[in-house]
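Me: I have a structure open and I want to learn how to read it. Can we go through it feature by feature?

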Amino acid sequence: MKLSVWTYEGPPHVGALRVATAMKGLHYVLHAPQGDTYADLLFTMIERRNHRPPVTYTTFQARDLGADTAMLFKTACQNAYDRFQPQAMIVGASCTAELIQDDPGGMAETMGLPCPVIALDLPSYQRKENFGADETLFQLVRALAKPMTRSAHVTCNLIGPTALGFRHRDDITELTGLLSDMGIGVNVCAPYGATPHDLTQLGAAHFNVLMYPETGEAACRWMERELAQPYTKVVPIGVGATRDFADEIAAIIGRPVALDESRLRLPWYSSSVDSTYLTGKRVFIFGDGTHVATAARIARDEMGFEVAGIGCYNREQARMIRALAKDYGVEALISDDYLDVEERIEQLAPEMILGTQMERHIGKRLGIPCAVISAPVHVQDFPARYSPQMGIEGANVIFDTWVHPLVMGLEEHLLTMFRDDFEFHDAAGPSHHGGYAMSVPADIPQPIHAQVGELDTAPVDAATAQVIWLADAERELKKIPFFVRGKARRNTETFAAQKGLNEIGLETLYEAKAHYAR
Amino acid sequence: MTLPLAPLAGGCRDVPVLKQRGQHEVFCGLTGIIWLHRKIQDAFFLVVGSRTCAHLLQSAAGVMIFAQPRFGTAILEETDLAGLADAQAELEREVDRLLSRRGDIRQLFLVGSCPSEVIKLDLARAAERLSAKHAPKVRVLNYSGSGIETTFTEGEDACLAAMVPALPQTDRRQLLLVGALPDVVEDQALDLLMNLGIEDIAVLPARHADSGLALGSNTVFALTQPFLGGTHAALERRGARHIPAPFPFGEEGTTAWLQAVAREFGVDQARFDAVTTAPRARAKKAVAQAAARLTGKSIFFFPDSQLEIPLARFLTRECGMTAIEVGAPYIHRAIVGLDLDLLGHGPTISEGQDVDLQLDRCRAAQPDLTVCGLGLANPLEAEGLPTKWAIELVFTPVHFYEQAGDLAGLFSRPLHRRAALRLEAAE
């Protein structure tokens with residue numbers, strides 16, 4: 001058993017749901033107890049889909065156990081087919097049904113339904129959501145795709161975008177345009193928007209674009225082997241990666257391709273003098289492996305940040321992230337426990353976090369600016385506006401997204417500097433939700449230092465908790481920009497503890513500053 | 001003391017109920033934890049379940065998860081499924097770690113889930129053992145919030161019912177209010193009852209473990225929520241007596257509820273009127289303002305929380321709506337019987353669900369407003385059917401006089417918005 005309050009990934013059948021919901025003409029019959037339908041609202045609310053996910057839950061209850069759960073499953077299958085007339089069905093078990101061992105695949109096979117029925121074996125107690133999506137797409141492709149004559153024009157398939165994917169909708173649009181500029185058509189995009197019939201046509205493409213390794217790699221590997229289709233290894237997020245992606249395609253199809261950079265603004269924005277203050281900003285990057293790897297390259301090579309740490313929550317990408325961390329001279333964090341991530345962030349005290357919905361909250365708590373780069377995300381990261389991560393426009397979007405909280409952070413800092421000014425006062429809230437409220441509600445437990453009106457919410461470790469801050473040092477500490485204040489406080493306390501001091505005055509503060517100067 | 005509301009001629013108590021089996025589009029009882037942990041301030045809810053359970057809780061808890069929540073999931077792993085003997089040891093280890101980290105916890109609920117029930121993990125015994133180990137500081141209790149046994153709000157019922165047997169004995173003549181209400185609503189209810197001259201009042205669930213809550217054969221209890229069938233039975237087993245009443249939604253419902261309690265305690269009419277006249281007038285006025293948009297409109301309830309029957313009674317009698325179908329996950333006649341009496345003849349009363357067939361009925365009826373869960377709301381809106389999402393009715397203060405206008409407002413707002421938006425060109 002493992003105590004968990006928050007998880008980065010759902011169970012594997014949610015991954016299967018993401019594939020089924022992304023597609024059309026496919027129906028998923030899920031052997032599951034009452035209540036597992038909660039997953040529907042991830043799609044109808046977070047992604048704001050205007051239709052129910054194409055899934056039927058058998059909804060067995062306690063009184064059915066040991067009696068007719070198998071019958072229940074067959075009835076649900078038949079009813080789903082009769083009502084929705086899908087081109088193909090997938091069947092599987094949720095974590096509870098896995099325990100009652102009804103074998104949905106075997107049962108569905110005996111029913112002789114007039115469409116392909118694909119059984120999913122998703123081990124709920126070992127694997128998670130991304131594996132579920134990857135495995136489901138792989139099983140669908142394996143069952144439906146077959147070798148066939150290549151299209152007359154050069155075409156490719158887009159593989160990996162799903163429902164509930166971070167910016168998948170707009171990444172597809174961006175890549176389709178980018179490929180079209182190169183004279184390459186899209187044969188099938190799957191699973192997003194594809195029908196089972198479309199999957200039978202996958203073989204007509206000349207190669208595959210693997211958009212998201214987390215959810216498309218197994219299918220691409222299979223197609224490489226069985227359909228002789230090479231697939232792209234570079235994920236085109238960022239300027240350099242997009243250029244490499246174009247080169248990779250040129251090599252695959254054996255002719256030069258042109259990348260239209262006329263709308264690319266990131267390089268100039270990043271070179272302009274306004275961006276000078278971004279130089280050397282320490283960022284911590286966490287999320288799924290693919291988005292972390294691409295973000296690290298953008299951060300270092302295209303924004304001029306210093307990558308202070310990277311990590312991912314999906315163990316499928318652990319090896320790649322570890323290798324990358326070596327490259328960047330940092331230690332990789334492979335964990336799906338947000339408390340580990342929080343601890344690492346506190347320890348590194350970065351000036352910015354690039355992460356998921358959870359890191360956004362950690363950033364909020366610690367007063368560190370944060371931008372979201374990866375799922376899991378919340379409803380605000382399924383925006384109405386066009387906002388891809390991939391390709392040319394993706395690079396522009398990323399520049400804006402990452403700089404925005406920093407500009408806001410500076411604004412916040414200026415307001416804090418002038419806090420004693422007659423027009424600014426403690427009760428005025430923050431200018432931006434990326435910071436933190438200056439007047440903390442009374443019901444939130446306060447760290448020790450809150451007694452002196454300190455904004456820094458960094459925890460105090462027991463070894464240094466005995467050190468007393470004198471009023472002058474406390475005042476001086478408040479003049480330090482809030483996004484490095486936590487680090488300054490801890491450094492000073494550690495320094496004082498090493499020197500055997502139990503009070504910190506102005507002198508000690510500046511000695512510590514000199515001691516830790518980078 | 002005037003009699004409370006008389007049953008409507010041809011009320012719905014004896015109407016045949018439509019029962020169908022099939023896919024249920026509902027939450028399981030684990031969801032109750034989301035509001036229970038806010039109400040019981042020194043409790044921690046530890047679900048023993050799978051990653052699905054953890055995922056459900058975080059999906060339902062939204063952003064609450066980030067405020068040092070007092071709930072979590074002990075996620076079962078393969079090794080736990082292999083042999084039961086060490087599942088108890090594993091649980092003990094996780095609980096010890098949890099209690100050593102969180103010194104503020106006085107009550108720990110081990111909450112059963114579908115996976116833990118299916119593998120027959122004996123959480124009751126685990127709770128007993130852990131209680132003995134961590135006494136007197138922490139009491140460990142157990143209930144099941146599994147989907148195979150409970151629907152949405154039944155999780156609260158299971159939790160309260162688990163607390164009842166452990167409560168101390170008292171022969172005091174007291175009134176027990178049963179059901180977790182938002183603090184502001186609970187305070188209003190207590191004020192009203194005290195002004196009526198009822199002195200000795202306790203609330204289940206109490207906000208803290210050491211609240212001194214006790215009960216016995218001189219305890220009478222009034223339910224503030226309709227989904228408390230199991231708690232009702234557990235209280236009767238302890239000798240407490242139930243005061244039947246319609247549920248305190250709207251002016252009429254609140255007055256009838258108060259009257260039932262006042263009669264039990266022999267409050268005279270003059271005093272009752274003195275206490276209730278002003279808030280009744282306020283509530284009537286507030287409801288009338290919000291209900292202007294609801295009069296003459298039809299409403300269709302998908303099953304969700306068991307609040308459907310009392311709410312349909314409020315909307316039809318006080319807001320002038322017509323109910324087409326009132327679906328509830330479960331109908332407990334001893335508890336919602338009086339509300340069924342007051343609900344005018346006409347609507348289909350359904351219990352349980354086959355969601356696809358119910359959607360067919362809903363589309364055929366084309367109601368002006370459909371009350372349903374979040375999995376159905378946007379899809380129905382896209383089909384042109386205005387919806388009110390049901391879950392809000394469980395989280396928002398809606399009971400008693402001062403909230404009557406807000407309650408009507410929850411239903412009128414979607415219709416107001418429909419009328420306000422001019423989006424035809426965009427479609």
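This is a predicted model: local features need pLDDT of at least 70, side-chain atom pairs count only at pLDDT 80 or more; totals for chains, interfaces and linings use all residues.

Me: How many helices and strands does chain A have?
Reply: Helices (H or I, at least four residues) and strands (E, at least two) are DSSP runs, numbered from the N terminus. Chain A has 19 helices and 15 strands.

Me: How much of chain A is buried?
Reply: Buried means under 20% relative accessible area, exposed over 50%, and partly exposed in between (1.4 Å probe, protein chains only). Of the 518 residues of chain A, 60% count as buried.

Me: How do I read the size of an interface?
Reply: It is often given as the accessible area lost when the parts come together. Buried area here is the accessible area (1.4 Å probe) that two parts lose on being put together, summed over both. For chain B and chain A that is about 5000 Å². Carbon and sulfur atoms give 60% of it. A contact means heavy atoms within 4.5 Å. The contact takes 60 residues from chain B and 52 residues from chain A.

Me: How many salt bridges does the rule find across the interface of chain B and chain A?
Reply: A salt bridge is a side-chain nitrogen of Lys or Arg within 4 Å of a carboxyl oxygen of Asp or Glu. The rule finds five across this interface. One joins the side chains of D336(A) and R51(B), at 3.9 Å, N to O. By class, the side of chain B that touches chain A has 32 nonpolar, 15 polar and 13 charged residues. Ala, Val, Leu, Ile, Met, Phe, Trp, Tyr, Cys and Pro count as nonpolar, Asp, Glu, Lys and Arg as charged, and the others, Gly among them, as polar.

Me: Which strand of chain B pairs with strand 1 of chain A?
Reply: Two strands pair if DSSP finds at least two bridges between them. Strand 1 (residues 2-4) of chain A pairs with strand 3 of chain B, antiparallel, over three bridges. In that pairing S4(A) has T73(B) as its bridge partner.

Me: How do I read the two faces of a strand?
Reply: In a regular strand the side chains alternate between the two faces of the sheet. Take strand 13 (residues 369-372) of chain B. L369(B) and V371(B) lie on one side, T370(B) and C372(B) on the other, and all are buried. Strand 10 of chain B runs parallel to strand 13 of chain B, joined by three bridges. There I299(B) is the bridge partner of L369(B). Strand 14 (residues 387-389) of chain B also pairs with strand 13 of chain B in the parallel sense, over three bridges. V371(B) stands opposite K388(B).

Me: Is E325(B) buried or exposed?
Reply: E325(B) counts as buried, at 2% relative accessibility. It lies in strand 11 (residues 322-328) of chain B. A polar contact is a pair of N or O atoms within 3.5 Å; within protein, one must be able to donate a hydrogen and the other to accept it, and residues adjacent in sequence count only if both atoms are side-chain atoms. The side chain of E325(B) makes one with the side chain of Q358(B), at 2.9 Å. Another goes to the side chain of R361(B), at 2.7 Å. The C-alpha atoms of E325(B) and I299(B) are separated by 7.4 Å, though these residues are 26 apart along the chain.

Terms used: Residues are numbered from 1 along each chain as its sequence is written. Chains are lettered from A and ligands numbered from 1 in the order in which they are written. Side-chain values use heavy atoms; hydrogens and water are left out.
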